[in-house]
Every structure is written in structure tokens, then in C-alpha cells.
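Me: I am new to this structure. Please show me how to read it, one feature at a time.

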Amino acid sequence: MRGRLSRIVGIDLGTTNSLVAYIDEQTGLPRVIPDRDGHVLLPSVVSFTREGVLVGDAAKRQLVRKPDTTVYSVKRFMGRGWDDVQEELRYFPFSIKPEDGIIRLLVGGREVTPPEVSAIVLRSLKERAEAHFGEPIERAVITVPAYFNDSQRQATKDAGRIAGLDVVRIVNEPTAASLAYGLHELHDGIIAVYDLGGGTFDISILRVKDGIFEVLATNGNTHLGGDDFDRVLMDWLLDDLRARHGADLSGDHEALQELRLASEAAKIRLSAVERTALTLPFADFTYHRETSRQELEELIEPLVQATLAPCRMALADAGLAPGQLDEVVLVGGSTRVPLVRRRVQELFGKVPHSRLNPDEVVALGAAVQAHILAGGITNMLLLDVTPLSLGIETLGGIVSVLIPRNTTIPTSAREMFTTSVDGQTVVDMHVVQGERELVRDCRSLARFELRGIDPMPAGMPKIEVTFLIDANGILQVHARELRTGKAASIEVKPTYGLEDADVARMVEESFAYAEADVSARLLIETRNEADTVTTHVERALRQGAHLTGEDELARIRAAVDALKQVRESGDRDLIRERTIALNHATERLAELLMDSTLKEALGSKRVAEILESP
Amino acid sequence: MNYLEVFGLPRRLAIDADELQRRFYALSRQHHPDFHQGATAEEQAKALESSALVNAAYRTLRDPIARIEYLLRLEEGRETAEGTTVKPKAPPELLEEMFEIQEALQEATAGGLGAAARATLLAQRERLRQRYQAEERRLCGTLSQAWDNAPAGDRQSVLAALREALATRAYLRTVINDLSVALGEDEGSLVSNRRH
């Protein structure tokens, strides 16, 4: 009967990049699927343009030009509320609606929820896989950070549904990675998977034995990753810009995006070299700054330290000392940072490794899990845990824990409820997740209403409620009236999630967010390129008019006007032609400007050197 | 089916950890939902339930203390949920010392904690920890063996002894935690989510 079901792909829905993978039937090994241009990483960026939606690299190129219509790092908002994200909102060009419940992003004059944005990324990967196989893809395994709570997992599952995917399993990223390693080379023993991605951190400790991958403990922080490294560097550059140029760019979304991307690029370069330089042309001046790995390390040290406490807690929960680990595996692009590697090695007393590409290994593992579910692999089994304790609110706002953290899933707990007033027909429960004693310090997941209880004197009804955390780490609640044996109906009000009806509506509406077709996409890109060149030229005219004569300046201005005239025309070839012409007209001025900037930079450096010398 | 029956084990407290783990892995392979994806919705629901039962049983049985608490519950015919229902009770021979500790604790909450008082509390906590560990050793050692070897007629008295030792342990644990809080240390210092 499995033969009739469609293929299951594995998807890593990342903060920064997303990937799709499958198991190659010939070799039995997982492979990532590239797009038409051969790229395997799809930037998790979505841009809402008038002509349609852009995803991936095309959307990422819109970030600087159209920051207010372009959404990135949306994973940080999945399953969260307005209060949770206030701190970091200043880093994002878009705003969110100040209201209770699920976050609504205000992007380019419309409202979208994080699952809808993620669905656009998922749909693009789905189409990539369909183009690769030449057949419809309807089922997927999607990975999430191990430390994701119920709401965040549910939001991911909702995103899959909106994208037209049956999400057959939500699997934890570090454990998925361990499966990928398991297929290749992993020996039996105790391993720690340290997973630092773009926006999330996980540590998972597993026992691998005879094909069983048993997670002993997991911990993490769903708001800590490479994005945060970029932010501290960016804040540092903003301070420097204020000090050296008297420029406050903190309210300029375009400049902030340029700075953010430049910070990210510099951070990446500093993993390979000791020093690097940033040159950013702003409207009125060109910013040039050298920075060193040591400076970056001082900035990110507190963030790297913040990953170590969860590691120690996971070890304690697993009942292990650091020395008892056989292997430490690094997953996620941020583990390329040398400081991260050093601190991990110090903590575990073992050289960590990342023999499989840390960007791809999670998607490869998702493909392995997909193949297990499809019946293609029968000797491997993942036994994962629930990362957070699950409890219900009791009198006085105290949490009564029903399922402790690090319990192997699936798992269930039963609790008896009754009525407190004569004739009461509805009982409500408040379900929370977290490690604190008071409800207000934990994460509210949902309120459940048990309805249709037969009117009886107070305390007479006996309602048995079963809380079941399934293999996805997602809560299911069932209730039964013991006297009658009949199932009680439950109404669920998710605190930070979508209700079923919302998801159904979004599946319908999702076609409105269809990816722009190829010709529309090319037109958007051509216009984008035209705008970028125009901006650069206008800046050059402001900064370098004194370097050349009136004739040349007039010629350049004419070329700018000629391009502007056709920008809205929709004639792609004509726009491109005039963009090239403008570029050509400005070549000499650009060179002159470059020379003078370089001289300026060299000059100021010499001054700095003189000041530093004793 | 009770947790021991899930693993095909008799109602005894001596359980070989490696053997238990081996059976846990075998049962997981049999029941885990991953291996029942092609089945009907009804069979999948059953796999989910069986798998949850296997996991709960393993979690309880692999921990020698949780195992004893579970045995008591079984023998008393109570609901088979996890969690302790044994009420903490002060061991009689420690009553005097407990009284002193309570006084010291009250002083600590009333005013600050002086260096001398702090040293006394630390020493007292260390003594209680040793007593706590001794109680655990007794529970998992001689008392567990006593249960496994008891003739049918003596079982009630062994159960009573197990119950009393658990009550003492629970009491010591509470006092140690109180002392840790008074000393300004982390409440979780006793590691409540320990695995074996």
C-alpha cells in the first residue's frame, strides 16, 4: 500500500536558508536538490512586490532596495506573540500589529502571519522538488529546532499545510543531523550535537546503539544564533558611524539592511582570515572600516557563552559528565565561527567535528527520517524527547507538571477533572510549557474547554483528560466522561497559534501569494538592477561632481533620465539596454571616485597610524 | 497492562539495566509510530498508545526509586500514573536535629545569614545529604532485596518498610532543598530530572 503514496521529501526550514533533500534510491544516500541554477540553499526571504511574490535569492536582492516589503528570519516569529519579539523588532524593517495572539506582520501594506510567509518558502521548495522528480510532491518531513515549544511546532506544521504539504513528521534539527551521520559513519556511543543556526541554538545528547538513536536530553535557546552575531557587529558599526561621521543611521531601513548584510559578510570572512575591511557607500559619504577577528570575538563572546549553560543542563539531565561523551558534532552555519569551536572544545574536552556540511546535514537527516517513514529504512529508529515540561494551571496560578522535560516521545499523561458548581456543563484547562513553578513564568500554549458535560451536582462528573505528546512533539488532548464513557468535546484556543478555520482559509488564500511567474520575476529583477545603478550613479554625482567636467555630468544626467523614463514601461529589454548605457556613461566618474575614496581611506589610515605610534 | 508486564518482568525490584534497555529498544522497534505509517488510522492510534506506554514504563522502571514507588502503587491497587504520592515524614532519630535546622532556617529568613550560621547550615546540609544517599542505598539495596526474597506472608511488612524509607527520603529532600534556597543556591541543585 505504500507504493501508492507519493514520495516524502525532507525539508530544513531554516532561519537564514532552507533546503530540500531526498534519498537516492540507487545509492541509498541522502542528497540535496539544487534549483535551476545549481544552488541548494534557498534564502528564507520573501518579498511582496506589486507583480507577485519573490522567494530566495531574488527576494534577498530586494532587501536593500525594498526593505519594508521584504521579510527575512521569519522563523524567529513562528509561534510567538507580540511581547516576545519587542526586543528585536528594531532590527527589522517591517512592523507587527500590537495585539494578543499570533503575530501579524505589516509588510507592504498587507498583513501576513509567520506561517503564511514560511509557507511561501516551503512552496518554492516543493516546486523545486517537483521539477526535479517530474511528479507532484505532497508529503514532507520538516525540521524544527529541538527546543521549539508546542506553538512553534504547530506553526511549522500549519505552514506546511498552507503550502499544500502533508507534514508527516516534525523532526528536531540536531537529531535529524545525527541520522544523517548515522547513515554515513557514526559509531555506537554517546554523542552531543551542538547546533547553532541563523536564529536558534540546540544541544542534544544521544545514545546511539544498534541503529537506535535515543535522545537522552536536549536543551537550547530558540532566539540565539548567527543573526545575533550580525546584530552585535552591526550595533558596533552604528556606534562607530556615529563617532566618526556623526551619522545616525538607526532609522534608515535601507542603510540598516546594507549594514546588516555587510556585517554578516564580514563575520563570515573573519572565520577564515584575521582581518577584513568593510566599504559601504552611503548617500553623503563612503564608510570604510577595518575590523579584526579579535574584535568580533570580543563582541560575540557573551552570545557564545550563552550557549554553554544549556549544554551543561543537558549533560546534567542526561546524568553525564562532559568526559563521558564519545563524539561532539557541530551543526549549523554558525559553528564555522572559530570562537564557537574553541568554547565547545573547552566545555566538552573533545575536539568537535563537522565532517558533513553543516549547512546541509539537517536537510539530509530530514530525508533519512522521511525514508524511515516511507518504509525504506527499517534498521534505524529515532527516539526523541520533549524539550520542555508540560503542565496545567492549578489553583493560585501554580503549574502542575504532567510530563517532565526530556521524556521520550510519544508520551501521555492522564488527569481527572470534575465540576465545582452544581449543573456546570463546561470545564476549562490552561495548558503551559516551561520549567518554572508559576504559570505566569511559563509559556501559555492553549486553553481547552471541555463541553457538553451532563448537568450534575458539583464534583459528580468524572472527566478523564489524556494529554498526549506525539512523535512530532505536538500535544493532542482527548477527554472522556468516565460515568458515561462518552468522549467529551474539546474546543482549543491556541494562545499564539492559528485555529483550524484560519489555516483552512489561508490554504485558499495562499494562491494569492503565488510566486511571480518567470517573466514577471525577470522584470522585477531588471527594474531592481536599474534602481540600484540609478542610486549608485546619483550618489556618485553628489560625491564626485567636482572630479569631472560639466559635459560629462550632463551626459550622465541624460542617461539617468532616459532610464527613468522607461522604468515603468514593462519593456525588459529596453530597461536593460538603458541600464547598461547608464553604467557605461558613468564608468570614468566611478573610477575617479574610487581613486579619491581610496586616497582618503589611505590618508586617514596614515593619520590613525601616526596617532597610535608612541 | 502494568509497566512490568509491558516488559515481561515479574513483580520484583531487581532489574538488570542492560537487559531492560535491550527490551526497550526491541519494544520500540515493534510499536513506534514511525514503523506504522502505512497502517490504518486506527492501527496508527494504537501504535501511538502502545509506544507511549512503553516509554512511560521504561522511564519508571529504569530508575530504581521510581520503580519502588511504582511497586507500592501496584500493590496498593492505586492509579498507575507516575509521580510520588508518599508524604514526606521526618525520621524519629533526626527530630532533634531537624528542630535545630528549622530554627536556623527561620533565623536565616528573618535576618541575613552570618558567616558562622552559614557554615553551620552547610555542615548540616552535608550531613543530611549523606543520610539521604544512605536512605537511597538502603531502598535500592537491602530493602529491594528483602522484597524480592520475602515469603508471601512477610510482604506487607516489607512494603511498610519501603514506604517509610521513601517518606524519610522525601522529607530529607525537602529539607535539603530548603537549606539550599536559604544558602542562596539554585533550587534545582538536587537534579530532579535525573536519568539512570
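Predicted model: local features only at pLDDT ≥ 70, side-chain atom pairs only at ≥ 80, totals over all residues.

Me: How many helices and strands does chain B have?

Reply: Helices (H or I, at least four residues) and strands (E, at least two) are DSSP runs, numbered from the N terminus. Chain B has seven helices and zero strands. From the N terminus its elements read α-α-α-α-α-α-α.

Me: What share of the contacts in chain B with a separation of 6 or more joins residues 24 or more positions apart?

Reply: Contact means heavy atoms within 4.5 Å. In chain B, 69% of the contacts with a separation of 6 or more are between residues 24 or more positions apart.

Me: Where does Leu162(B) lie, and which residues does it touch?

Reply: Look in helix α7 of chain B, residues 155-182. Leu162(B) counts as buried, at 0% relative accessibility. Not counting residues up to four places away in sequence, Leu162(B) touches Leu13(B), Ile68(B), Leu71(B), Leu139(B), Leu143(B) and Trp147(B). Take Leu139(B): it is 23 residues from Leu162(B) along the chain, yet their C-alpha atoms are separated by 6.7 Å.

Me: Which residues of chain A are in contact with Asn55(B)?

Reply: Leaving aside neighbours within four places in sequence, Asn55(B) is in contact with Thr408(A), Ile409(A) and Pro410(A), and also with Phe24(B). Asn55(B) sits in helix α3 of chain B, residues 41-61. Its relative accessible area is 4%, so Asn55(B) is buried. A polar atom of the Asn55(B) side chain lies 3.5 Å from the backbone oxygen of Ile409(A).

Me: Now chain A. How many helices and strands are there?

Reply: Chain A has 15 helices and 29 strands. Its radius of gyration (taken over C-alpha atoms) is 27 Å, close to the 25 Å that the globule rule (2.2 Å times the number of residues to the power 0.38) gives for 614 residues, so chain A is as compact as a globular protein of that length. The C-alpha trace spans about 95 × 55 × 55 Å along the principal axes of chain A. Of its 614 residues, 57% count as buried.

Me: Which side chain makes a polar contact with the side chain of Asn172(A)?

Reply: A polar contact is a pair of N or O atoms within 3.5 Å; within protein, one must be able to donate a hydrogen and the other to accept it, and residues adjacent in sequence count only if both atoms are side-chain atoms. For Asn172(A) the partner is the side chain of Asp384(A), at 3.0 Å. Asn172(A) is in strand β12 of chain A, residues 166-172. Asn172(A) is buried, with a relative accessible area of 3%. Beyond neighbours within four places in sequence, its contacts include Val144(A), Pro145(A) and Arg153(A).

Me: Is Leu216(A) buried or exposed?

Reply: Leu216(A) counts as buried, at 3% relative accessibility. Its place is strand β15 of chain A, residues 212-221. Ser204(A) is 12 residues from Leu216(A) along the chain, and their C-alpha atoms are separated by 7.7 Å.

Notes. Residues numbered from 1 in each chain as written. Chains lettered and ligands numbered in written order. Heavy atoms only, no water. Buried < 20%, exposed > 50% of the residue type's maximum accessible area, 1.4 Å probe, protein only.
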